[in-house]
Amino acid sequence: MKINKEFTPGPWGKIENPNGVFSQSHYSICGSEGELQPVCVVASTCLEADSNLIVQAPEMYDFIFCRFQALNDKKEAENLSIQEKVELIACSRILEKIHS
């Protein structure tokens, strides 16, 4: 699988905007190092939960990618348990969706 990381590197943070271009409160999700352009804007009925999940996206990606690499390396040594094979397939599918 070819991995091409073309997204704003983490960690990400969020800024609450009580009144803005939306008629409701929303969060701007921003990249690291003081980037002015938001990665995305969250305005939903589950504002706090949605914005917290999105802020964690870079760390979740890194975890999935590292787990994929570790399992893939172990697979080449033919030492995977059934559970690890399932994890490898799941990680592979997630990464394929991200990079498609």
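How many bridges join strand β2 to β3, and in which direction do the two strands run? Four bridges join β2 (residues 26–30) to β3, and the two strands run antiparallel.

The structure is a predicted model, in which local features need pLDDT of at least 70 and side-chain atom pairs count only at pLDDT 80 or more, whereas totals for chains, interfaces and linings use all residues. Residues are numbered from 1 along each chain as its sequence is written, and side-chain values use heavy atoms, with hydrogens and water left out.

**View 1. Overall arrangement of the protein chain.** Three helices and three strands make up the secondary structure, and from the N terminus the order of elements is β-β-β-α-α-α. Helices (H or I, at least four residues) and strands (E, at least two) are DSSP runs, numbered from the N terminus. Of the 100 residues, 25% count as buried; buried means under 20% relative accessible area, exposed over 50%, and partly exposed in between (1.4 Å probe, protein chains only).

**View 2. The antiparallel sheet.** The three strands form an open sheet in the order β1-β2-β3, with antiparallel pairing. Because β1 and β3 (38–42) stand at the edges with a single partner strand each, one side of each is left without a neighbour in the sheet. From one strand to the next, the twist averages 25°. Two strands pair if DSSP finds at least two bridges between them.

**View 3. Cysteine 30 and cysteine 66.** Cysteine 30 stands opposite proline 38 in β3 and is buried, at 10% relative accessibility. Cysteine 66 is partly exposed, at 47%. The count of disulfides is zero, a disulfide being a pair of cysteine sulfur atoms within 2.5 Å.

View 4. Two salt bridges are counted, each defined by a side-chain nitrogen of Lys or Arg within 4 Å of a carboxyl oxygen of Asp or Glu. In one, the closest N and O atoms of glutamate 87 and arginine 67 are 2.8 Å apart. Glutamate 87 lies in α3 (residues 82–98) and arginine 67 in α2 (residues 57–76), so this pair ties together parts that are 20 residues apart in sequence. In the other, glutamate 84 and lysine 74 have their closest N and O atoms 2.9 Å apart. Glutamate 84 belongs to α3 and lysine 74 to α2, so the pair links parts ten residues apart in sequence. Glutamate 84 is buried, with a relative accessible area of 14%, whereas lysine 74 is partly exposed, at 32%.

Conventions: Axes fitted to C-alpha atoms, helices over the stretch in contact; angles between N-to-C directions.
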